[in-house]
Amino acid sequence: MNAKVAHRIKKSLLEKTGAKIIINNCEYYTDLCPHKVMKLNINQLRDLKLSQRKAEYIHEITKAIIDEELDLSCLYLLDREGGCSYLMKHRGIGKWTAESILMRGIGRQDILPAGDLIIRKVVGEIYEYNELLTESQVRKISTQWKTAETWITHLCWFYMQEKIL
């Protein structure tokens, strides 16, 4: 899924399930409300352009949060690997999603989603490799970036966004 499509889906989901805030005549929406998400059935989620499987994952993960089987507040107490392992126990959450939750959701500064295609491309460019790097190559290179991985992740994404636009 490309970034523009993902942004449209996220915006549509927030508009349906978040609280609207108006600041200087601009509309903003708060984070998703799990109980409002659960009120949407699979077909309503599909209408937002989600695949059947992703719609099912969203329902299952949301139910796990409501039923307190998935406690996102405990992520603050876990290290990077522990947080990823905890999240990945839930169907629909892979390594990239777990790292994104840790990075964007709780603000960890030591996260680099090395499997991300953009990260692999940009790090390869920076280090002048002639081929697309593997996740393990990026992880090996990133060991020198201790505690700055999240900043470097964002810089890679911004760099590629500027390059594309």
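Is Y127 buried, exposed or partly exposed, and what is its relative accessibility? In this predicted model, Y127 has a relative accessibility of 34% and counts as partly exposed, where buried means under 20% relative accessible area, exposed over 50% and partly exposed in between, with a 1.4 Å probe and protein chains only. The model is a prediction in which local features need pLDDT of at least 70 and side-chain atom pairs count only at pLDDT 80 or more, whereas totals for chains, interfaces and linings use all residues. Residues are numbered from 1 along each chain as its sequence is written, and side-chain values use heavy atoms, with hydrogens and water left out.

The protein contains nine helices and two strands, assigned as DSSP runs (H or I of at least four residues for helices, E of at least two for strands) and numbered from the N terminus. Their order along the sequence is α-β-β-α-α-α-α-α-α-α-α. The C-alpha trace spans about 50 × 35 × 35 Å along its principal axes. Of the 165 residues, 32% are buried. Contacts are defined by heavy atoms within 4.5 Å; among those between residues at least 6 apart in sequence, 43% join residues at least 24 apart. The accessible surface amounts to about 10900 Å², and carbon and sulfur atoms account for 55% of this area, as computed by the Shrake-Rupley method with a 1.4 Å probe.

One aromatic pair is found in a search of the whole structure. The ring centres of Y127 and W145 lie 6.5 Å apart and their planes meet at 35°, so the pair is classed as tilted; rings of Phe, Tyr and Trp (its six-membered ring) pair if their centres lie within 6.5 Å, and planes under 30 degrees apart count as stacked, over 60 as edge-to-face and the rest as tilted. Because Y127 belongs to the loop between α7 (117-126) and α8 (135-142) and W145 to the loop between α8 and α9, the pair ties together parts that are 18 residues apart in sequence. W145 is buried, at 12% relative accessible area.

Helix α5 (residues 80-88) has G83, C84, Y86 and L87 as its buried residues. These cover an arc of only 165° around the axis and therefore lie on the same side of α5, the arc being that of the directions from the helix axis to the C-beta atoms. The buried residues of α5 pack against α6 (95-105).

Helix α9 (residues 149-164) includes H154, which is partly exposed with a relative accessible area of 24%.
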